[in-house]
Amino acid sequence: MNAKSSQEGTGNPAGSASGITGAADAGPAAAGSTEAGSTQTGAAQTAPATDTRNTGPGRLLIAVYAVFAISATARAGYQILTKFSEAPLAYLLSAFAAAVYVVATVSLAKPGRTAFKVSVAAVLVELVGVLVVGALSVFDSVNFPHETVWSLFGRGYGFIPLLLPILGLIWLYRRRPAPRQH
């Protein structure tokens, strides 16, 4: 009974490996199952790595978002603290843009489905913001006497704020997580 229960206790891991390596030698089968298990676990751990957005060109994208997060936050903070009464709408939109850049930077750097969804939402909000604020700053310049990050479609930043969300959405589409399998 003890021998049988000890076989049953190791039977599951060794059983799957014994089909691969052979049941004649229990020692190597158990070792093989451990190696196969760690290999499989390693493969399972690396599977989410294909869902990450912080590899290859994604690192550059995240770096650009980080630069914009820092610069937009500093600019908005300075504008709000020193001359808020001159253009409150523009400066509040600068602060909003800074928050969007921070959220996009953090969510792009993190792996996982939730971070992916947050990234998509942040980049879409950024794109809509650039288009709306860009259009408003052209057609309603009274409310935008001073430029924001998104004013004139990011002209003050070499139109990078207009291009960045487009590139971000392309990258997110190409690095989207695989569909869940039940």
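The following legends describe close-up views of a predicted model.

**View 1. Packing of helix α3 against helix α6 in the predicted model.** Helix α3 spans residues 57–83 and helix α6 spans residues 160–174. The two helices pack at an angle of about 145°, and their axes lie 11 Å apart. Their crossing is left-handed. On the α3 side the contact involves P57, G58, L61, V64, Y65 and F68, which meet I160, P161, L164, P165, G168 and W171 of α6. Classified by residue type, this contact comprises 10 nonpolar and 2 polar residues, with no charged residues.

**View 2. The aromatic cluster containing F68, Y101 and W150.** Ring pairs join Y65, F68, F96, Y101, W150 and Y157 into a cluster. Across the model, the count of aromatic pairs comes to 5.

**View 3. The tilted ring pair of F68 and Y101.** The ring centres of F68 and Y101 are 5.4 Å apart and the ring planes stand at 45°, so the pair is classed as tilted. The pair connects distant parts of the chain, with F68 in helix α3 and Y101 in helix α4 (residues 88–109), 33 residues apart. F68 and Y101 are both buried.

**View 4. The edge-to-face ring pair of Y101 and W150.** Here the ring centres of Y101 and W150 are separated by 6.3 Å, and the planes lie at 70°; the pair is therefore edge-to-face, since planes over 60 degrees apart fall into that class. This pair, too, links distant parts of the chain: Y101 belongs to helix α4, whereas W150 lies in the loop between α5 (113–139) and α6, 49 residues apart. Y101 and W150 are each buried.

**View 5. The charged end of R176 over the ring of Y173.** The charged end of R176 is positioned over the aromatic ring of Y173. Its distance from the centre of that ring is 4.1 Å.

View 6. When residues up to four places away in sequence are left aside, V103 touches V118 and A122. The C-alpha atom of V103 is 8.6 Å from that of A69, a residue 34 residues apart from V103 along the chain.

Methods: Residues numbered from 1 in each chain as written. Predicted model: local features only at pLDDT ≥ 70, side-chain atom pairs only at ≥ 80, totals over all residues. Heavy atoms only, no water. Axes fitted to C-alpha atoms, helices over the stretch in contact; angles between N-to-C directions. Helix = DSSP H or I, 4+ residues; strand = E, 2+ residues; numbered from the N terminus. Left-handed = near helix turned anticlockwise from the far one by under 90°. Contact = heavy atoms within 4.5 Å. Nonpolar A, V, L, I, M, F, W, Y, C, P; charged D, E, K, R; others polar. Phe/Tyr/Trp six-rings, centres within 6.5 Å; stacked < 30°, edge-to-face > 60°. Buried < 20%, exposed > 50% of the residue type's maximum accessible area, 1.4 Å probe, protein only. Lys NZ or Arg CZ within 6 Å of the ring centre and 35° of its normal.
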